[in-house]
Amino acid sequence: MSTEPILDVQDLTVVYQDDRGRDVPLVEDISFTVLPREVLCIVGEAGSGKSVTMLAVMGLLPPELHITSGSIRYRGEELVGMPEKRRRALRGKEMGMVFQDPMTALNPVKSVGSQIGRALSVHNRRLAWGDRDQRVAELLASVGVPQPKRRSRLYPHEWSGGMRQRAVIAMAIANSPSLLVADEPTTALDTTVQAQVMEALETARETSDAAMVMITHDLALVAQVADRVAIMYSGSFVETGSVYEIFDSAQHPYTKGLLASILTEYSDTNAAFAIPGSPPAPSQRPEGCAFAPRCTSAGKDAACLERPALLPMPGSGERQRAAACHHPGTELLNAPYAAPAAERAGAR
Amino acid sequence: MARYLGRRLLQALATIFVVVTVTFIIGRLAGSPSALILGEWATPEQIAALDVELGFDRPYLVQYADYLGGLLQGDFGNSYRDRGTSSMAMVMDRLPDSLVLGAAGLSLGLLMAFAAVLFIHLTRWWPLRSVMLGLGSMRQSLPDFFFGLLLVLILSVSLGWLPSLGSGSLQTLIMPALTIATGQFIVYARLLDNALLEQGKHDYVRTALARGESPRRVVLAETLPNGLLPVMTVAGINLGTFLGGLVIVENVFAWPGMGQLMLTATFSRDFAVVQSGLIMVAVLFVAANLLVDFLYGIVDPRVRMR
């Protein structure tokens, strides 16, 4: 796989300016690439910077957040500093986004069909109304919405949550984008419809031949759909690798902790393993390794007072396999069990 | 829909009934108008005779029943002063002038508010927003009658551009309409500005941007329709204050509308006219609120369901 990446993010830093005018970094020096048709899952706790990273890629950062350094290239074209007009032409056409909460993602006073139709007509001014409606119905049918013609005339409040998320997916893939960004697409849904919506998203992605970056904290979902995984903690990637590498031979103590927290039939106890403590607020990140205060690695020592770089692991393949730890691979002192993580998560 | 309209119509009738009853009670509490009508040289016998002629000697309940019975037959009672003339005819005679002034003032105010707020939000020229809200607050701190007098002082007395009072021409309409419009302007400008800012934070805005919409299009096609809802809600409530303000402005500029008629009628205890005027105000108020409800249904599909 030596194809040109669809998305190439290098040393991206996004900051938030606090009340006193100081820059608080939310995302620090993040680098990753996504190849065509590849699925990258970014995994991390709430507030780790996953959504901020992908909003920066989409160019949808709220006004109080700024990219201070780094580059984001889409098919080799630099997005940082690109004129807004050109950026808009890419957004929704080349890159589509699916949001977390389908209950609020649609405009309540416009029919669902008209909102999906806008995704088409905004990038194709000459599209006739009849063709547009026809295409909207096809899109809705392709994501599993029954009676798409009738339903497209209804308003969001007349749709269920799962159906609304399908509509958002239909909107995201309306122009067959090369890159899909999905920000926890099933988190806000009832568990009973999560799998169906995820299936619709996977089908839609395959039909439009798109690469996808999916933000999630559902490791079972990661095992199902990911080609590659990036583990994010406190604004930085702490470990990256293929889905097999991450699940079979996690190197970073945070990754190990996350995998150990999956409760399965292999668990020795009824209680899920919990990583002690909670992640620091962006303004209170420690000087050295951000994870050190919560780290239970047997190798923890004075070196952890320095910030570790995300270094390639020895013997890693063509794609980057890296961990940001001074003592990668060391066992956790309180690891509850030793069953293979991949089996536990039910990886494909 | 038919059931909904039927319910609203019943509510409207109930509102008007309450207005009729309350004004009737207040009118009787103020005592008989006979003495005032006949002047200070009238003898007690003359006053009693007029009381009998106007029906004020009868028990209140009988007067009330008689009045209600008349209303049902379309008889609103004759003016006490101008005894041959129906009070409602006098009100209807003044109504067009009030409607012209009210409509001119309100639509000018709304037009100014929408133009200013949309210009600011489309160009994102925020310093102008502070200027607009600042000037608006200054205008709001002045009562209508004082602002009206200021206009007269500047535009009529100092500059001599416009006649200070009267009616019948476009020039005489300008100052009273401007007084009403500027007062209404800041109410609606602030409302719409707030609504657009608040709507801008909603997730659907991000969805729209993510599919490639321009920020201007997002304001016009996404946040504006949502922002209209709170504006319309307050418009219905604000209408009462608006009609009250109309009475004051009509009197400041000697505009021969309903407000002027009602004020004169109140001073001379011509309660038949006051009552008819208030019924007309109530009808206008109820009709305008029905219109707001109707518009609400057009803009918000969630309301349409009822």
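Which residues does A170(A) touch, not counting residues up to four places away in sequence? The list is I116(A), L139(A), L140(A) and V143(A), where touching means that the C-beta atoms, placed from the backbone, lie within 7 Å.

Before going on, note that this is a predicted model: local features need pLDDT of at least 70, side-chain atom pairs count only at pLDDT 80 or more, and totals for chains, interfaces and linings use all residues. Residues are numbered from 1 along each chain as its sequence is written, while chains are lettered from A and ligands numbered from 1 in the order in which they are written.

Back to A170(A). Together with I169(A), V181(A) and I231(A), A170(A) touches the most other members of the largest nonpolar core, a set of 159 residues. Such a core is made of buried Ala, Val, Leu, Ile, Met, Phe, Trp, Tyr and Cys residues joined through C-beta atoms within 7 Å. Buried means that 20 or more other C-beta atoms lie within 10 Å of the residue's own; exposed means 12 or fewer, and partly exposed is in between. Helix α8 (residues 170–199) of chain B gives the most to this core, with 15 residues.

Chain B has 13 helices and 0 strands. Helices here are DSSP runs of H or I with at least four residues, strands are E runs of at least two, and both are numbered from the N terminus. The C-alpha trace of chain B spans about 85 × 60 × 30 Å along its principal axes, and 33% of its 306 residues count as buried. Among the chain B contacts with a separation of 6 or more, 71% join residues 24 or more positions apart.

Now for the domains of chain A, whose bounds come from an automatic or database domain assignment. Domain 1 covers 1–37 + 49–82 + 224–348, and domain 2 covers 92–217. Their C-alpha centres lie 29 Å apart, and each domain puts 13 residues into the contact. On the domain 1 side, helix α1 (residues 50–58) of chain A brings the largest share, 5 residues.

Chain B meets chain A through 18 residues of its own and 24 of chain A. On the chain B side, α9 (203–210), α10 (215–252) and α13 (301–304) each supply at least two residues, with α9(B) giving the most, 6 residues.

Notes: Two residues are in contact if their C-beta atoms, placed from the backbone, lie within 7 Å.
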